[in-house]
Amino acid sequence: MGDVVDLLHQTVTSPWVYLVIITVTAVDAFFPAVPGETVAITAGVFAAGGEPNVVGVIVAAAFGAFAGDHISYAIGRGGGAHRLARLPVDSRRRAGSEWARRAVDRRGGIILTTSRYVPGGRTAVTLTMGAVRYPYRSFLMYDALACGTWGIYCGLLGYFGGLAFEHNPVQGLLAGVGLSVAVTGLFEVVRWARRRARARATAGR
């Protein structure tokens, strides 16, 4: 375990760590299998020890997410609607895209801001916004807000986890990621409860 911690420490204290954060969080925005949030939280944990700089971690995470969201939006505008339509009807990706389409129609910028905390939700929403030609200026404004708050959330979540477990960064990392999973789970529970309530209301008519 000590070797793993040393390797992580050498990686995150390298001057290249900010470029790594930008790249991973950008790719994560349109390819959710890449753990952008975990990378940002990990860097935040080690930032509690002085390196890397926590402000740099936050800015890199926010900038990478912002760039990735715009790539996803461009993919949507360039034919994403056809790709979404070809997804299997009963697949999770199809269900996510349909949820995103309904959410964009109803709440637009608000759903873009909150979807950044839902696994896969941000990709479905940004693709859908591009596919339905959501106004770019509005997308730019709301996405800047979403990515900025998300960068602060990830960076400070890791940073305070690192402070709380100053002599055991692995525990700090686990605490940060665990809290992130809990927040994500809460979002999912709220979404499920609201869907169920709407379904009951519809069935009762």
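1. Helix H2 covers residues 17-30, and its length is consistent with its residue count: at 1.5 Å a residue, its 14 residues should span 20 Å, and the end C-alpha atoms are 21 Å apart, which agrees. The coordinates come from a predicted model.

2. Which residues of H2 are buried? They are Val-17, Ile-21, Val-24, Thr-25, Ala-26, Asp-28 and Ala-29. As background, an α-helix has 3.6 residues a turn, so residues three or four places apart point the same way. The buried set includes Asp-28 as well as Val-17, Ile-21 and Val-24.

3. The secondary structure consists of nine helices and zero strands. In sequence order the pattern reads α-α-α-α-α-α-α-α-α.

4. The unreviewed UniProt entry carries the annotation "transmembrane region" for residues 16-34, 54-76, 139-160 and 172-190. Two of these spans can be set against the model. Residues 54-76 are 100% helix and 0% strand, with end C-alpha atoms 33 Å apart. Residues 139-160 are likewise 100% helix and 0% strand, and here the end C-alpha atoms lie 31 Å apart.

5. On burial and surface: the protein has 205 residues, of which 42% count as buried.

Terms used:
Residues are numbered from 1 along each chain as its sequence is written. This is a predicted model: local features need pLDDT of at least 70, side-chain atom pairs count only at pLDDT 80 or more; totals for chains, interfaces and linings use all residues. Side-chain values use heavy atoms; hydrogens and water are left out. Helices (H or I, at least four residues) and strands (E, at least two) are DSSP runs, numbered from the N terminus. The expected span of a helix is 1.5 Å times one less than its number of residues. Buried means under 20% relative accessible area, exposed over 50%, partly exposed in between (1.4 Å probe, protein chains only). UniProt positions are given in the numbering used here, feature names are shortened, and annotations may be inferred rather than shown by experiment.
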